[in-house]
Amino acid sequence: ILEKFRIAKENAFPIPETLSYLREFFRDGLLPGLYGVAGIPGVGKTTWLNLLCDELAKIGYKSIYFLTEEPEYRLLLRSIKRENLKNFEELISQDWIENRITFELTPEYTAESLEGIISGIIEREGKAIFIVDSLHALQMSNQLDTREKTILKTELLAHIARDLLIPVFFTSFIPKSLYKEKPNIGAFKEAGEIEYLIDVGIVLWRDLEEKKDSKIPISLHIVKNRFGRTGEFPLI
């Protein structure tokens, strides 16, 4: 047990200063494992994960970001805006951007093929965290029903985290039945009971009664954590 924990700590990714609030929940950094990030549409899942990848890149750590629901350029436009840059030329000139590896997840990238693809990238580029945005839009070659596909896709991502010893993140939606409840592990249940497969469950939350303006209160809830404590933190 101690040897496995030592190896896990050796393969952990540090938490960037911009996201230092996460250290309260992950004292050993982002350990290898499967991290689910749930939230209603538009709450900021992609924005938050993109920020994580940008800040890791600035301190020399790589990420592999697979998008299923928006084109690659829109993801990087978020970085341009946040960094107060003018255009893609200015983004490309940043020395840290080479640590960002992004893909649009087209149909030839299936859940079954991802481990081989990620393994090849890591062999060439070095260790990287891996993000799938989102789980539900990830394609599979197997003809299963939606619930079975969701569970199998989650199992395949868990294997990638375990076999390659890297943190793996995926995004998913919160079921509408839970929109007015306090964030809890149920956010992952109706997505195929995947709460048993994830090591960490993160829910981004906002009050639907709040009027939309330039600053919407968002809270980050750690509803499951095999690596530390659960709890919440306020964001904007």
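Helices (DSSP runs of H or I, at least four residues) and strands (DSSP runs of E, at least two) are numbered from the N terminus in every view below. The model is predicted, and local features are therefore given only at pLDDT of at least 70 and side-chain atom pairs only at pLDDT 80 or more, while totals for chains, interfaces and linings use all residues. Residues are numbered from 1 along each chain as its sequence is written, and side-chain values use heavy atoms, with hydrogens and water left out.

**View 1. The whole protein chain and its order of elements.** The protein chain holds 6 helices and 8 strands, which follow one another along the sequence in the pattern α-β-α-β-α-α-β-α-β-α-β-β-β-β. Its radius of gyration (taken over C-alpha atoms) is 17 Å, close to the 18 Å that the globule rule (2.2 Å times the number of residues to the power 0.38) gives for 236 residues, so the chain is as compact as a globular protein of that length. Along the principal axes, the C-alpha atoms of the chain fill a box of roughly 45 × 45 × 40 Å. Of the 236 residues, 50% are buried, where buried means under 20% relative accessible area, exposed means over 50%, and partly exposed lies in between (1.4 Å probe, protein chains only).

View 2. The strands, which count as paired if DSSP finds at least two bridges between them, lie in the order β3-β2-β4-β5-β1-β6-β7-β8, with mixed pairing. Strands β3 (100-104) and β8 (231-235) stand at the edges, and because each has a single partner strand, one side of each is left without a neighbour in the sheet. From one strand to the next, the twist averages 20°, an angle between N-to-C directions of axes fitted to C-alpha atoms, on a scale from 0 to 180 degrees.

**View 3. A parallel and an antiparallel pair within the sheet.** Strand β2 (residues 62-67) and strand β4 (residues 128-133) run parallel and are joined by 6 bridges, with Ser63 having Ile129 in β4 as its bridge partner. Strand β7 (residues 218-225), in turn, runs antiparallel to β8 and is joined to it by 5 bridges. In this second pair His221 stands opposite Glu232 in β8, and a hairpin of 5 residues leads from β7 to β8.

View 4. Tyr73, Leu77, Phe88 and Ile92 make a nonpolar surface patch of about 400 Å², to which α3 (72-82) and α4 (88-92) each supply at least two residues. Such a patch is made of residues with over 30% relative accessible area and no salt bridge, nonpolar side chains (Val, Leu, Ile, Met, Phe, Trp, Tyr) being joined within 5 Å and like charges within 9 Å. Accessible areas come from the Shrake-Rupley method with a 1.4 Å probe. Phe88, found in helix α4, is partly exposed, with a relative accessible area of 31%.

**View 5. The salt bridge between Lys58 and Glu83.** A salt bridge is counted where a side-chain nitrogen of Lys or Arg lies within 4 Å of a carboxyl oxygen of Asp or Glu, and a search of the whole structure finds 15 of them. In one, the closest N and O atoms of Lys58 and Glu83 are 2.5 Å apart; this pair links distant parts of the chain, with Lys58 in helix α2 (residues 45-58) and Glu83 in the loop between α3 and α4, 25 residues apart. Lys58 is partly exposed at a relative accessible area of 34%, and Glu83 is partly exposed at 23%.

**View 6. Glu125 and its two salt-bridge partners, Lys62 and Arg124****.** Glu125 forms a salt bridge with Lys62, the closest N and O atoms being 3.1 Å apart, and the pair links distant parts of the chain, with Glu125 in helix α5 (residues 114-125) and Lys62 in strand β2, 63 residues apart. Glu125 is partly exposed at 30% relative accessibility, whereas Lys62 is buried, with a relative accessible area of 17%. Arg124 also forms a salt bridge with Glu125, with 3.3 Å between the closest N and O atoms, and Arg124 counts as exposed at 60% relative accessibility.

View 7. Val43 is found in the loop between β1 (33-39) and α2, and at 7% relative accessibility it counts as buried. Val43 and Val203 are 160 residues apart in sequence, yet their C-alpha atoms are 9.9 Å apart in space.
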